[in-house]
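Trainee: I'd like to go through this one with you and check what the labels rest on. Can we take the terms as they come up?

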Amino acid sequence: MATTEKPLSAKDAAAKLKVELIENGIGTQAVHETVVAYRANRRAGTHKVKTKGEVSGSNKKPWRQKGTGNARAGYKQSPLWRGGGVVHGPVPRDYSKKTGKKVKKLALRKAISARVLAGDVFVVNAPKLEAPKTKTLFSQLNFNEDCRALLVLDGIDTNVLLSSRNSQLLDTVTASDLNAEHLLKYDRILATDAALETLAQRLN
């Protein structure tokens with residue numbers, strides 16, 4: 001367990017989020033499309049190889065056409081040669097995908113429903129730190145280092161952000177920035193009451 005608190009029940013989650021949880025297969029495709037789009041939009045697409053017209057070299061024939069015993073060759077930039085150009089290689093491109101607002105909203109609702117029904121969502125008190133201290137943060141959250149968890153806050157807290165960033169097992173995100181990919185990436189979701197209220201506004 002990531003925390004000593006009890007997981008958020010489906011009934012309590014529906015009351016806090018003010019929406020009905022999705023318990024069937026509805027929204028599964030929306031989650032897939034949304035997560036694929038998020039990951040595709042992060043790709044730089046700056047890959048590039050040089051073609052035979054871009055690699056360095058002259059137009060001089062390496063050797064005469066006949067009489068050497070070698071195969072005919074017209075230029076040193078041939079793709080058949082080491083150091084030559086690349087045929088049909090990757091070129092810069094845009095990988096971004098567009099996803100509708102309704103699809104993103106459905107994906108978020110489906111993802112949070114799945115995690116609640118799986119018993120992976122916990123309600124915690126908002127941590128208060130006077131200075132960045134990972135050990136103190138873990139103590140306030142009753143968090144044990146046996147899994148990866150996501151802490152969902154209503155607003156940005158610099159001390160909490162710096163404390164969680166010092167650990168590879170705990171990440172922090174605001175409720176306004178939470179998306180379906182976040183909910184699927186971590187073993188446990190730790191959310192404050194204020195964060196759930198903000199999330200309820202997004203879902204409604």
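Trainee: Let's start with glutamate 20: where is its place in the chain?

Mentor: Glutamate 20 sits in the loop between α1 and α2 (28–41). Helices here are DSSP runs of H or I with at least four residues, strands are runs of E with at least two, and both are numbered from the N terminus. Before we go on, this is a predicted model, where local features need pLDDT of at least 70, side-chain atom pairs count only at pLDDT 80 or more, and totals for chains, interfaces and linings use all residues. Residues are numbered from 1 along each chain as its sequence is written, and side-chain values use heavy atoms, with hydrogens and water left out.

Trainee: Why does glutamate 20 count as exposed?

Mentor: Buried means under 20% relative accessible area, exposed means over 50%, and partly exposed is in between (1.4 Å probe, protein chains only). Glutamate 20 has 63% relative accessibility, so it counts as exposed.

Trainee: And what makes serine 113 buried?

Mentor: Serine 113 has 0% relative accessibility, so it counts as buried. Serine 113 lies in helix α3 (residues 101–117). Glutamate 20 and serine 113 are 93 residues apart in sequence, yet 8.6 Å apart in space, C-alpha to C-alpha.

Trainee: Which residues is serine 113 in contact with, leaving aside its neighbours within four places in sequence?

Mentor: Leu21 and Ile22. Contact means heavy atoms within 4.5 Å.

Trainee: Why is glycine 155 called partly exposed?

Mentor: The relative accessible area of glycine 155 is 37%, so it is partly exposed. You'll find glycine 155 in the loop between β2 (149–153) and α5 (158–165). Glycine 155 is 28 residues from leucine 183 in sequence and 18 Å from it in space, C-alpha to C-alpha.

Trainee: Now the whole chain. How do you know that it is more spread out than a compact globule?

Mentor: The protein chain has seven helices and four strands, in the order α-α-α-β-α-β-α-β-α-β-α from the N terminus. Its radius of gyration is 27 Å, well over the 17 Å that the globule rule gives for 204 residues, so the chain is more spread out than a compact globule. That radius is taken over C-alpha atoms, and the rule is 2.2 Å times the number of residues to the power 0.38. The C-alpha atoms fill a box of roughly 85 × 40 × 25 Å along the principal axes. Of the 204 residues, 36% count as buried.

Trainee: Which residues of α7 are buried, and what covers them?

Mentor: The buried ones are Ala195, Leu196, Thr198, Leu199, Ala200 and Leu203. Their cover includes α1 (10–17), α3, β1 (121–123), β2 and β4.

Trainee: What makes something a cavity, and how many are there of 30 Å³ or more?

Mentor: On a 1 Å grid over the protein atoms alone, a cavity is a set of points where a 1.4 Å probe fits but cannot get out, and lining residues have an atom within 4 Å of a point. By this rule there is one cavity of 30 Å³ or more. The largest cavity has a volume of about 50 Å³, where volume is the space filled by probe spheres set on the points, joined across faces, edges and corners.

Trainee: Which element gives the largest share of its lining?

Mentor: α7, with three residues. Among the lining residues are Ala195, Leu196 and Leu199.

Note on methods. On a 1 Å grid over the protein atoms alone, a cavity is a set of points where a 1.4 Å probe fits but cannot get out, and a pocket is an open set with protein on both sides within 12 Å along at least five of seven lines; lining residues have an atom within 4 Å of a point.
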